[in-house]
Amino acid sequence: MRKGNPMNETSEKILEILERQSGPISGEKISEMTGITRSAVWKNINELKELGYSIESTKSKGYELKESTPKLLPHEIKKYLKTDFIGKDIRYFKNTPSTTWVAKDLCSKKDAENFNGTILIAEEQTGGVGRLGRAWFSPSGGIWTTIILKPTIPIDKLFFVTMSASIAVARTIRRMYDIGALIKWPNDIYIGDKKVSGILLELAAEADQIHYCLLGIGIDANIKPEDLQCSLQTPITSLNIEIGHDIDRAKFLATMLGEFERRYKLVEEGEYKAISREWKSLSLTLEKRVRITTPRRTFEGEAIDLDEYGALIIKKDNGKVERILSGDCTP
Ligand code: BTN
């Protein structure tokens, strides 16, 4: 089995044959095309069925792919992926505590350079991590992914990486489903007044030197209403609830990775203003009255701008202006 890929190379070859074929194809023909025995064909077909592919087998006609898998398998994502380096290496986990922990473990064993652009995906996380040390509920049906990156930018510009990710998620929702998703500072994606996605950047650095960063993206994609865990503070929704049917998660993720890579390259080229402009155009926070909660205090004011480091600029009721780099912001 290839690292992080539950599909072996032979099964993948057979799947590609079935995908190209309209109608059934005999086991004998597949055996000829792949150079394996008919019983090995049968064994691999069963493995594909176990991975969720619906394949009809009849003695007289052979095998026919009826429906693709609902799982977020690397093969499905790669069908749609048009990136240069992000997602070229995809590691898939049925169930893991957190894709961010797995990524951290990977980067601690080998130079992170080797993993620039690698993504980790889990169908389900049992110990998902959110911002400000909160737990991130990650049932099956969501998109839980961590992208390993080694950006060559000044450390104080890292916020532009998370900004690029939140823009990418909001843009993908807008382009694929024509829904007006917006970004709540710092990087939560909202549909109406409900959160649908969150982003978390973890950093490994020494002095001003970035070793690597782990960009964790959680998207409530196909989650049943009864599985959504809303808090009083944060009402939550999912894409399937908003759209009225399940989405194609592989297509969504591949599109989002493309949107992200395009902006990430701009960040690496120092085009911070372009990213900032686009983020502001999608902001749910700017020019609104907001309540800011940091570990030490809570106060209200008007969100008037975002500075060149991603800090939110608040004009308080007494006219004083404050710069907020981390915390919660409620409209
Ligand atoms: C937030 O609190 O809004 C950020 C949530 C980030 C969740 C993602 S899901 C993939 C990755 N793995 C984790 O454990 N967390 C991030």
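Student: How many salt bridges does the rule count here?
Tutor: This is a predicted model. The rule asks for a side-chain nitrogen of Lys or Arg within 4 Å of a carboxyl oxygen of Asp or Glu. By that rule the count is 27.

Student: Which helix holds both Asp105 and Lys109?
Tutor: The side chains of Asp105 and Lys109 form a salt bridge, at 3.0 Å from N to O. The two residues are four apart, about one turn of the helix.

Student: Where do the domains of the chain lie?
Tutor: Domain 1 covers 9-67. Domain 2 covers 74-281. Domain 3 takes 289-330.

Student: How many residues do domain 2 and domain 3 each bring to their contact?
Tutor: The centres of domain 2 and domain 3, taken over C-alpha atoms, are 24 Å apart. Contact here means heavy atoms within 4.5 Å. Domain 2 gives 15 residues, and domain 3 gives 13.

Student: What area is buried between domain 2 and domain 3?
Tutor: The size of an interface is often given as the accessible area lost when the parts come together. Carbon and sulfur atoms give 55% of the buried area here. The total between domain 2 and domain 3 is about 1200 Å².

Student: How many residue pairs are in polar contact between domain 2 and domain 3?
Tutor: Salt bridges are counted across this interface too, and the rule finds three. For polar contacts, both residues must be at pLDDT 80 or more. The count of such pairs is six.

Student: Which elements give two or more residues to the side of domain 2 that touches domain 3?
Tutor: The residues on that side divide into seven nonpolar, two polar and six charged. Two elements give two or more residues to it: helix 6 (159-177) and helix 9 (272-281).

Student: Which residue meets Asp328 in a salt bridge?
Tutor: The side chain of Asp328 takes part, with N to O at 3.6 Å. That is inside the 4 Å cut-off. The partner is Arg131.

Student: Which residues are closest to the ligand?
Tutor: The ligand is surrounded by 20 residues. A backbone N or O atom of Arg131 lies 2.7 Å from a ligand oxygen. A side-chain N or O atom of Lys195 is also 2.7 Å from an oxygen atom of the ligand. The closest residues are Ser98, Gln125, Val129, Arg131 and Lys195.

Student: How far is a polar side-chain atom of Thr100 from a nitrogen atom of the ligand?
Tutor: The cut-off for a polar contact is 3.5 Å between N or O atoms. The Thr100 distance is 3.4 Å.

Student: Is the peptide bond from Trp185 to Pro186 cis or trans?
Tutor: Pro186 sits in the loop between strand 6 (182-184) and strand 7 (188-191). Omega for the bond from Trp185 is near 5°. The bond is cis.

Student: What is the phi of Asp178?
Tutor: Asp178 lies in the loop between helix 6 and strand 6. Asp178 is not a glycine, yet its phi is positive, at about 55°.

Key: Residues numbered from 1 in each chain as written. Predicted model: local features only at pLDDT ≥ 70, side-chain atom pairs only at ≥ 80, totals over all residues. Heavy atoms only, no water. Domains from an automatic or database assignment. Buried area = accessible area lost by both parts, 1.4 Å probe. Polar contact = N/O pair within 3.5 Å; in protein donor to acceptor, adjacent residues only side chain to side chain. Nonpolar A, V, L, I, M, F, W, Y, C, P; charged D, E, K, R; others polar. Near = heavy atom within 4 Å.
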